[in-house]
Amino acid sequence: MKKIAAIHDLSGYGRASLTVAIPILSYMGYQVCPLPTAVLSAHSEYEGFRSFDLTEQMQPIIDHWKQLGLRFDALYSGYLASERQLDIVEGFFKDFTPEAGFILVDPVLGDRGRLYPGMEERMVEGMRRLCSMANVITPNLTEAAFLLGKPMHHAVTAAEAAEWCVELAGMGPEHCIITSAPGERKERVATLAYNRTDGRLWRVSCDFLPASYPGTGDAFASVITGCLLNGDSLPEALERAVYFIQMGIRATFGGEHRPLDGMEQEKVLHYLVEPLPYFTYELLGTYR
Ligand code: PXL
């Protein structure tokens, strides 16, 4: 069985990070080995959340993994709780570079034009370094803007988002995926993916749904990790991840309105392994 080291926080309440990544990747048939970055009472969008930073505990955990001689098929990082964790994760990536070379960095920094509480410019700089070591990165539009140092003063256009996707791959990763990008028209949302190896830029777009849940970015990046590790092409992985999130949101937003609790992914896990009912991905162009 393939093993994935998952470097995220554990938030006790509100579906995010490890409580999202573990069920998804387990369902897809992987063994998930968590390296927790923090333990939170609830994710940081809940008022008054408590956060217990695990920076001091991470290196001893890594040292034990080294003693055990563990090897991973993929390294997958998300929410990091301190600047020093960026150095620790960088060291971990160097020590545990998987033979197949699969490192996915989800540069969790912010959303809707703003950084999350506790995230600062120094975290953005560190995240750029981590992204340069990754094979795949999955920023949302806000994170893409911060990584590129482009403030989001105005509404980003579809063409700009596509340029950003290509530009971000210049930082080093083979595949760059941007979520929550503007679609081809107002009521559409696009997910973009650029493959630096062959220069192709892909788009999967879907209807905008009037609901937003924290943790969907974590679910998205987890599905991408599982699909790519399974040998799916980039646009196939993109299609499955968008489909899963869409079904998850549809399964959630008709119920009681508690958006902070996250997407009820428990209801839709089976869509991770069933044949996809359609393919909608489009080739936007080839950029070298
Ligand atoms: O979903 C990203 C995320 C991960 N971890 C924590 C968060 C968030 C987003 O709010 O608060 C702790």
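Q: How much accessible surface does the protein chain have, and what share of it belongs to carbon and sulfur atoms?
A: Bear in mind that this is a predicted model. Its protein chain has an accessible surface of about 12700 Å², and carbon and sulfur atoms account for 52% of that.

Q: What percentage of the residues count as buried?
A: Buried here means under 20% relative accessible area. By that cut-off, 53% of the 288 residues are buried.

Q: What secondary structure does the chain have, and why can we call it as compact as a globular protein of that length?
A: There are eight helices and 14 strands. The radius of gyration is 18 Å, close to the 19 Å that the globule rule gives for 288 residues, so the chain is as compact as a globular protein of that length. Along the principal axes, the C-alpha atoms fill a box of roughly 50 × 45 × 40 Å.

Q: Okay, let's zoom in. Which residues of helix 1 are buried, and where on the helix do they sit?
A: Start with the general idea: an α-helix has 3.6 residues a turn, so residues three or four places apart point the same way. In helix 1 (residues 17-27), the buried ones are Ser17, Leu18, Val20, Ala21, Ile24 and Leu25. Looking down the helix axis, they fall within an arc of 160 degrees, so they line one face of helix 1.

Q: What do those buried residues pack against?
A: Quite a list! Their partners include strand 1 (3-7), strand 3 (31-34) and helix 8 (234-253).

Note on methods. Residues are numbered from 1 along each chain as its sequence is written. This is a predicted model: local features need pLDDT of at least 70, side-chain atom pairs count only at pLDDT 80 or more; totals for chains, interfaces and linings use all residues. Side-chain values use heavy atoms; hydrogens and water are left out. Helices (H or I, at least four residues) and strands (E, at least two) are DSSP runs, numbered from the N terminus. The radius of gyration is taken over C-alpha atoms; the globule rule is 2.2 Å times the number of residues to the power 0.38. Buried means under 20% relative accessible area, exposed over 50%, partly exposed in between (1.4 Å probe, protein chains only). Accessible areas come from the Shrake-Rupley method with a 1.4 Å probe; for residues, only the protein chains shown count as cover. The arc is that of the directions from the helix axis to the C-beta atoms. Contact means heavy atoms within 4.5 Å.
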